[in-house]
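Dear colleague,

Please find the structure below for your records. My findings follow directly after it.

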Amino acid sequence: MASTGDFSAVRCVGGALSYIFGNFRDFLILATPPVIGLAIIESLLQLAVPTGPMEPGTMDPAAMPQAGGAALLAVIAMGILNLVFYVMFAVAWHRKYLLPQETMTVAKALRWRREKTRFLMLLILLGLIGFGIAMLGSFAMPALMMLGGAMGSAIIPIGTVLIALAVLVVFARLSLVFPAASIGMGDFGIGDAWRASKGKALGMFLILLLPAIIAVLASLPVLLIALVFGSTGLMQTLTGYAVIALIGQALNYFAIALAVSSLSAAFCDLTGYSPA
């Protein structure tokens with residue numbers, strides 16, 4: 001595949017928004033069942049094993065580590081469950097964008113297939129690559145501090161920011177493997193993604209950043225609602241927590257759809273792939 005040479009992150013993200021709203025009915029069909037299911041499970045877990053601070057009146061020392069351990073297990077379990085369902089939706093939405101001739105249903109979206117396993121493995125691999133870059137940067141930090149002399153202390157925040165940017169840029173450039181994996185292009189690996197995004201580091205970084213900014217802005221009203229619920233005690237009820245969890249999951253799925261659509265558009269521009 002060859003790049004079309006016409007790549008704009010802003011255009012990709014803008015087109016992604018238009019694509020989502022143009023296919024909003026399909027988005028609702030695919031996202032609603034997992035959103036409701038995850039929100040219910042999250043609410044029940046929160047009420048059964050509160051993950052927040054323990055009640056001030058808890059005085060039994062033996063109960064504290066048990067409660068803390070149970071809360072940690074609940075958080076881990078919910079995180080894994082979220083990841084699995086998010087991967088399934090991301091692959092389904094990539095396929096909807098890149099394979100428009102394929103009819104995507106809820107049953108297909110929730111069926112675990114080979115492309116979802118590859119997507120998840122690549123996600124873990126890119127996470128490990130990012131972790132490796134962060135570790136190399138942290139190992140180099142003490143040496144840079146010594147060379148910096150009196151200015152050595154200033155290297156820590158600057159170095160931390162640079163390391164974070166390096167991790168995000170590398171992840172962004174390699175993220176082209178995700179749309180390829182979703183449509184069964186097993187021969188498109190991280191080397192191909194790196195070559196396809198050569199000279200497009202800033203644009204690929206924006207492909208990650210702009211959807212994240214939009215998602216954060218969209219979540220601000222939810223934070224205000226959560227504050228109101230918290231001040232009135234509604235967050236201690238199943239109904240109150242379920243409402244917040246439902247809205248939160250809906251926003252998560254919207255953010256995933258936006259990021260996936262933007263990345264699919266970038267994949268088309270940078271590889272020359274044309275949705276059939």
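The accessible surface of the protein chain is about 14,500 Å², and carbon and sulfur atoms make up 75% of it; areas were computed by the Shrake-Rupley method with a 1.4 Å probe, and for residues only the protein chains shown count as cover. This is a predicted model, in which local features need pLDDT of at least 70 and side-chain atom pairs pLDDT 80 or more, while totals for chains, interfaces and linings use all residues. Residues are numbered from 1 along each chain as its sequence is written, and side-chain values use heavy atoms, leaving out hydrogens and water.

The protein chain holds ten helices and zero strands (DSSP runs numbered from the N terminus: H or I of at least four residues for helices, E of at least two for strands). Of its 276 residues, 36% are buried (under 20% relative accessible area; exposed is over 50%, partly exposed in between; 1.4 Å probe, protein chains only). Among contacts (heavy atoms within 4.5 Å) with a separation of 6 or more, 81% join residues 24 or more positions apart.

Ile36, Ile40, Leu44, Leu47, Leu238 and Leu246 make a nonpolar surface patch of about 490 Å². Helices α2 (24-48) and α10 (238-271) each give two or more residues to this patch, with the largest share, four residues, coming from α2. Patch residues have over 30% relative accessible area and no salt bridge, nonpolar side chains (Val, Leu, Ile, Met, Phe, Trp, Tyr) being joined within 5 Å and like charges within 9 Å; a salt bridge is a side-chain nitrogen of Lys or Arg within 4 Å of a carboxyl oxygen of Asp or Glu. Leu238 lies in α10 and counts as partly exposed because its relative accessibility is 41%.

Yours sincerely
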